[in-house]
Amino acid sequence: MELSERAHAAREAIEPVTSFFLSLRAMDGGPDVVDLTFGDPHEMPLPGLVDALRANLEPRAEDWFAYKTSLAPARETIATGLRGELGLPVEPDDVAMTQGAFGAIALAFRLVADVGDEVVIPEPGWFYAPMLRAADLVPVRAPLAADTFDLDVEAVVRALTPRTRIVVVNSPANPTGRVYSRDRLVDLATALEAASVRGGRRIWLLSDEPYRRIRFDGVAFTSPAACYPWTLIDYSYGKVLLAPGQRLGYLVLSPLIPRAERAELRAALLPLQMGLGWGFPDALMQYAVPALESVSIDLVELGKRRDRMVVALGEAGYTLTVPEGTFYLWGAAPGGDGAAFAAALADRGVFVLPGTVFNSPGHFRISLTATTAMLERALPALRELGPG
């Protein structure tokens with residue numbers, strides 16, 4: 001049986017990630033192995049998460065676990081929260097509940113883009129390319145600023161063509177941890193508006209914000225939706241709850257989109273989610289939203305882990321991008337070969353993500369969701385293989 005062209009394209013786009021997944025699964029997972037690869041939990045789940053799920057597990061009606069779309073209490077809770085958090089007049093009907101940020105991104109791509117359209121994505125960046133290939137869309141990579149990994153508006157402008165339909169912005173950014181300033185986002189908004197007028201076709205902006213609530217040192221956050229009306233926002237609870245296996249997220253239409261166009265988008269959300277294979281979160285997760293809005297991993301402890309690793313690796317000679325948000329640490333691989341560096345660490349029982357996963361082969365990423373004890377166990381190997 002032959003695969004479809006989109007399956008081939010998606011497989012090719014995601015091959016570095018799947019190869020690493022398979023190699024990680026094959027490793028000997030003994031007690032001394034230090035897994036710093038993905039943003040997975042390494043301690044028991046947050047009590048607030050468990051309490052919220054337990055409180056809603058017992059059925060209160062016959063249809064408690066019936067088919068559910070985007071439930072009103074969840075949408076109302078999120079709209080109210082976003083009005084305070086982002087300062088935008090979000091309405092409940094602007095919110096579509098999804099299976100994590102991945103579900104929201106897939107929905108956004110199909111909501112405003114047609115087959116063959118181009119989508120500009122940041123580099124280094126995460127899973128966008130295979131998702132685009134699976135949707136018969138064309139990824140166009142725009143590099144972030146060299147060395148600083150800040151948003152490079154000029155690089156985005158150079159990537160625009162008459163086929164561009166969406167530009168993706170990820171802030172706080174995975175894998176670099178950078179949080180983009182309001183001034184930089186205003187510059188991007190100005191450029192996208194000019195390009196839309198010039199090309200006679202609206203360019204949309206997808207603001208990928210799953211790490212929005214994970215920031216350090218009082219760094220401010222501005223959503224691109226506050227700067228550019230034609231913005232869609234995706235969010236995942238899996239990061240702040242450190243529970244990526246409990247799929248819960250949402251897509252939000254910017255309330256600054258003109259009302260007539262927004263009404264058309266709202267009307268398309270439900271049928272499109274049904275057509276994508278019932279792309280709504282499970283009922284239990286939606287019931288829990290009001291309680292989960294106030295649950296978070298310990299950001300103070302996370303900041304301590306960041307500071308410890310930044311200091312220790314800096315003393316070992318590593319060149320690092322100090323994260324302003326997320327729970328990752330991004331660094332230049334000694335010798336300029338992230339894959340070789342990750343392999344050498346793996347031989348010593350320490351696993352990190354090589355930069356090849358992000359199409360940045362000279363770098364590596366560490367997840368700070370590991371326990372403090374795990375990070376301490378990793379330091380001898382990191383020092384041994386360090387540049388200094």
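This note walks through the predicted model shown above, point by point.

1. **Ground rules.** This is a predicted model, in which local features need pLDDT of at least 70, side-chain atom pairs count only at pLDDT 80 or more, and totals for chains, interfaces and linings use all residues. Residues are numbered from 1 along each chain as its sequence is written, and side-chain values use heavy atoms, with hydrogens and water left out.

2. **The sheet.** The names come from DSSP runs numbered from the N terminus: helices are H or I runs of at least four residues, and strands are E runs of at least two. Two strands pair if DSSP finds at least two bridges between them. In general, strands of a sheet pair through backbone hydrogen bonds, either parallel or antiparallel.

3. Look next at β5 (residues 164–170) and β6 (residues 204–208), which run parallel and are joined by five bridges.

4. Rolling a probe the size of a water molecule over the atoms shows where empty space is left. The search uses a 1 Å grid over the protein atoms alone: a cavity is a set of points where a 1.4 Å probe fits but cannot get out, a pocket is an open set with protein on both sides within 12 Å along at least five of seven lines, and lining residues have an atom within 4 Å of a point. Grid points are joined across faces, edges and corners, and a volume is the space filled by probe spheres set on the points. The largest pocket has a volume of about 520 Å³. Its lining has 23 residues, with Phe102, Trp126, Phe127, Lys239 and Arg247 nearest the centre. Which element gives the largest share of this pocket's lining? That is α4, with three residues. The lining divides into 13 nonpolar, five polar and five charged residues. Here Ala, Val, Leu, Ile, Met, Phe, Trp, Tyr, Cys and Pro count as nonpolar, Asp, Glu, Lys and Arg as charged, and the others, Gly among them, as polar.

5. **The second largest pocket.** About 230 Å³ of space lies in this one. Of its 15 lining residues, Glu43, Leu46, Leu242, Ile297 and Arg305 lie nearest the centre.

6. **The cavity.** The structure holds one cavity of 30 Å³ or more. The largest cavity has a volume of about 90 Å³. It is lined by 14 residues, and Pro122, Leu144, Leu151, Val156 and Val168 lie nearest its centre. β3, β4 and β5 are the elements that give two or more residues to this lining, and β5 supplies the largest share, four residues. The lining is made up of twelve nonpolar residues, one polar and one charged.

7. Most residues other than glycine have a negative phi, and most peptide bonds are trans. A cis peptide bond joins Glu123 and Pro124, with omega about 5 degrees, and another joins Asn174 and Pro175, with omega about 20 degrees. Pro124 sits in the loop between β3 and α5, and Pro175 in the loop between β5 and α7.

8. **Positive phi.** Asp217, in the loop between β6 and β7, has a phi near 60 degrees. Thr326, in the loop between β9 and β10, has a positive phi of about 70 degrees. Are these residues buried or exposed? Asp217 counts as exposed at 64% relative accessibility, while Thr326 counts as buried at 0%. Buried means under 20% relative accessible area, exposed over 50%, and partly exposed in between (1.4 Å probe, protein chains only).
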